[in-house]
Amino acid sequence: MGGIVGIDVGGTFTDLFYSVDGVSAHTTLKVPSTPGDPSRGLVDALTTAKIDPPGLDLIVHGTTIATNAVIERKGARCALITTRGFRDILELGRRDRPHMYGLTGVQKPLIPRDLRWEVDERLDHHGAVVRPLDEDGLRAVAQALRGEQVEAVVIAFLHSYANSAHEERAAVIVREVEASWEVVTSSGVIREYYEFERTSTAAVQGYLQPLIARYARNLRDRLSGWGFDRQTLIMQSNGGVIPLPQLAERAAYIVRSGPAAGVIAAARLAAEAGFDKVITGDMGGTSYDVAVVVDGAPIIAETTNLDFRVPLRLPMIDVNTIGAGGGSIAGLDRAGILHVGPRSAGAVPGPACYGQGGTEPTVTDANVVLGRINANDPIGGKGGMALDVDAARRAVDTLAQAIGLGIEDTAEAILSVVNQNMAGRTRLLSIDSGHDPRDFALVIFGGAGPLHGAALIREVGIHTMLVPPAPGVLCAMGCVIADVRYDLSRTVERRPEDLGAETIAVILDEQRRQGEAKLHTSEARVRDVAVSHVADMAYQGQIHPLRVTIERGWSVARIVAAFHEAYRQENGNTLGDIPTTIVSLKTIVLGVRDLVRRALEIPPPCAVSAPASVRPVYFGGWVETPIHRRDALMPGMTFDGPAIVEQSDTTTVIEPGMRARVDAYGNLLVEVAK
Amino acid sequence: MTPMTMDAVTLAVLRGALEQIADEMDLHLIHAAMSPIISETNDCAHGIFHPETGETIAQGRYGLPVFLANMQFTVQNILRIAEAEGGFKPGDMWILNDPYVCGTHLQDVVLVAPHFIDGKLFAILANTGHWMDIGGGTPGGWAPKSKEIHQEGILIPPLRLYEGGRLNEQMVRMFTANVRLPTEIAGDLTAMTNVFAIGRRGIDDLVERYGAATVQTCFDELITRSERQMRSYIADIPDGTYCCEDWFDNDGITDAPMRIALALTVEGDSLHFDFTGTAPQAVGTINLARTTTQSSCFVALKHIFAEVPVNGGAFRPTRFTIPDGSLIAVEYPGPVGGYLEVVGKVTDVVFRALAQAIPDRTPAPSFGTTGVVTIGGRHPDTGRYYVGVFPYPGGYGASYETDGLVHGTSPQSMANFMSIEMSEHRYPLRFDYFALREDSGGAGWHRGGCGSEYGFTMLADAVTTVVGDRVDHPPPGILGGGHAAPNFVRLRTGGQEWKPEMGSKLERESLGAGDGIRAASPGGGGFGDPLTRDLAEVERDLNLGYVSRPTAEIAYGAVIAEETALLDRKLYRLDVAASLARRQSLKTKGTA
């Protein structure tokens, strides 16, 4: 068996994780990303890692290209064709505003009003035809669009989730008029109701499809030029992968796939280490991404807002982001109270200690001032680059003078505030999903995460923090271990009694068949196929449904009971006899990849090897602190804080009063000592 | 204690912790509530209040803006009432929905509970939640023909629901016997009660960690700091008295306009809101309680100075003169069901007064009517009773920063518009169109956002109620910006289309299959002289259909060089030189 490479292309760095057994790291590294053509940075990473193409079986890859194209509005020029009377659905949204307080700001629809057209047709909510499709009118619109330099045409009719015939016929006609257009139907992207969310999702797909199609071709050619012609899989935001040839038609599924990959890896490592309830925290330069995993399954968001009034209604791992990272800037507000973030020093000028002209104090500067980051060997620095400690101290000193504290105490205050922001968000997210945050373990990663994890578990009341072996490239690792995944859904909006167990089974079987067919045509090598089903259910009258795991063949009573149990789990009570509704039926088809599943013995405890060095680190006062090299830490080794663990991709802080041990898998487990 | 060391670190951390407690109380209720209006539109609020002054220390950030300062004024009222009855005791919890004491409307039930530490009153906790039904003439409220509060539901004066930790179960039975959804209401009451445990635990943890004295000092210090922060913003506003007036179409009973007047005085670092000259309270439901009038002024301020925390200190630099018995300080037994209309208007007059002083920070008024269209009846497919509620969306006012937003939610809420497809599943109706309302935003250097318009046809018998305003008095612009298009409501019954007698207020009108409604919401007001708007923007607005050709020519002084067509759509190219000349002559005419 050959090797597997996971590559996560982020905004700043392209991360690589190379494994022979499919889970433990053989090589990990970071190279600068090449935003002009991200596939170049990807091949740079492969050559830097000195990977031999013939020895490689598989490349699995996550990318921010789709996310960036939406946020920066750099996607294709698209037209939208809707039911007559409804072309503005995409622009109106559902009555909202960008922020709770403040009334300024406008939205930028992905498809502007002059490229939105209407045709005569109308279905009712059962999918019955109220008015037939005006084919001549549609042809006239399509002809008119030929002069409008569009690359893609999105067709979104009302109630098409219930009957896709009008949309499909319209797609045929539009393609007849102009074969070069990418044509997207809303029911082809998602068969669920909520016209704004479905139309927006289809618009995102149309907006991305031409761009992603080009990217897929480019990447295939570039990899082929490097000497690799075997399979390439792409990470999706639902935590599964798809093969490169299906990438264009699934363009909307790869938005925010990098953070999803990190959660998948964190969930997997935590499960091996014996934790079934996990909060994952990924802290980088500008943001902190947090997600919740229960029994190995990340919590899924049904709708994610990519930007103001740009919802994407596809199942995505629910990754919450706040503006807290190494580059977050500290300052005083008009009340004289300390704030950290969300303003960030970004990559340029970056923290003051980078010596690129930054003068405002950042979280990274605070970590440098306190001796937590090794200024002579920082992460991401390529050999020899040292941080400017004096610049960091000067930046923190301006703030210290304003608040009347010493430089070190001010640096600690900066960390207290940013840690509190992250801890607060972490707690709210777990409460929001109906859980007590204290029942969880925290998997902390990202370049800055392990510097702050110890403070986070202390603040949140979490017992254990898990620092993976390669926390700086965890998203790349997530690519390597993810399964192939297809999500299928269909809105029914009926009472379960009215729908009946047989109809439910027929719909689920059809979804299963479609998913398996996709898996088959993908030619992805999988060991097994796993199919699971979900019913989105609500009490009649409610707006937000719950995801309820069901099985094919269940009786109606069993399904309703499962809903009541899920509702009790999330809300602490049920609403008694109020009738229930099945909003949508969903099927997940997983192609389970042939990966090593490890089950190692708990290693006997042993003493830690002598630290590589000792240096003063500030924990409420300067303390001579042992500095361990991560690669010198072997399974079973146990040691007490204060301690610092250094490795090329991150630095881990173990606070006084905490105890660390290395588990069988090389994870560092840190607990508050009893 | 050296003040600065306490300030920088402990204050920041304690403020964060207190806000976190209030946020967690919000989230716990949102999860546990029975009423979808709480669980799905966050129609609730939670706060921690000062034990002596009742001032807000922290309020949850998930609850709706309309409760912003209203919670503090309610707690302060209860503090006085409780003192008159022997003061708070450990284990007490007060309940009320009396709008003359706690503002808003009868559906918003408030609980207030003291928190004692070592036998000493340490803090006050309070929450409010919107109950789905409170009795009265119509299910769920919205009875625009009411003439007294008793037609709107049961009135709960301030009462001890718990006394010494013991629940008064008889009182609960009294409530549940008087509402249409007794099980749900009992569930909501329990959920609201349980949330206080979260608040108490959070405060106790802080006291254990930092000591009672430090936490108490922080309460005072946080209020002082917020006051300082708010004063620093007010000090930036030029001194002066800024006046404005606005009008309600009518009170839903008699078609006569009603005035609201504001003289806002900025003096150094304080504000005085003087509403003298506002009309006496209405016979109909267009009334607002004093506490919510005050709160609405703070909602407007918070929309301008969003960074100021929700804390009693921010409310200190203000003084109010509100005539007793006016429609913004309604007295018993005046009905309050249309209070959201008044809230919107108070927000608008505050914006327009401040716009005279700080035009670069103040948006023009938004669509300004928070009314709703409701449809109710028995669904022919299921035989079950349904109520469909369509809250009004509309355009936002333009600002120095941007054009106005299209189709915004009301500034005091965050609730969304229904999905059309979902509505057609649930109610026997079919939408005919749902569109951006062209030409509805006020003209200006920055243009007001467009409102929206929709029409639907009933497929079965139903009853409709409409509560709105701004038909006769559209949202004004500021700094020379034009007003937006007025509100528009038409009913179609028996093939005839007609305008409601009260403009946009209508109670329990019967509709049959084939009958329908058309509604079009106002846009937002314009900002600045439209003759100074970038001509490229005017051309873009024309081609996007945001403004009509006559508006472009008359309001914006545009001259069309070329008009072409793409199918049924017109495309325009402006003649820049001729447009500039026309603008010059319009300006001269304007000054002549």
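1. Start with B:F417: in this predicted model, B:F417 has a relative accessibility of 2%, so this residue counts as buried. The cut-off behind that call is under 20% relative accessible area.

2. Now look at what B:F417 sits against. The ring centres of B:F417 and B:Y454 are 5.5 Å apart and the planes meet at 50°, so this is a tilted pair. B:F417 belongs to the loop between β13 and α11 (420-426) of chain B, while B:Y454 is in strand β15 of chain B, so the contact ties together parts 37 residues apart in sequence.

3. B:Y454 has a relative accessible area of 2%, so it is buried.

4. How many aromatic pairs are there over all chains? The count comes to 29. Take B:F390 with B:Y454: their centres lie 6.4 Å apart with the planes at 45°, so that pair is tilted. The pair links distant parts of the chain, with B:F390 in strand β13 (residues 385-391) and B:Y454 in strand β15 (residues 452-458), 64 residues apart. Both B:F390 and B:Y454 are buried.

5. Finally, two spots where a Lys or Arg meets a ring. In chain A, A:R313 lies over the face of A:Y194, 5.0 Å from the ring centre. In chain B, B:K345 lies over the face of B:F248, at 4.7 Å from the ring centre.

Definitions and conventions. Residues are numbered from 1 along each chain as its sequence is written. Chains are lettered from A and ligands numbered from 1 in the order in which they are written. This is a predicted model: local features need pLDDT of at least 70, side-chain atom pairs count only at pLDDT 80 or more; totals for chains, interfaces and linings use all residues. Side-chain values use heavy atoms; hydrogens and water are left out. Rings of Phe, Tyr and Trp (its six-membered ring) pair if their centres lie within 6.5 Å; planes under 30 degrees apart count as stacked, over 60 as edge-to-face and the rest as tilted. Helices (H or I, at least four residues) and strands (E, at least two) are DSSP runs, numbered from the N terminus. Buried means under 20% relative accessible area, exposed over 50%, partly exposed in between (1.4 Å probe, protein chains only). A charge sits over a ring if NZ of Lys or CZ of Arg is within 6 Å of the ring centre and within 35 degrees of the ring normal.
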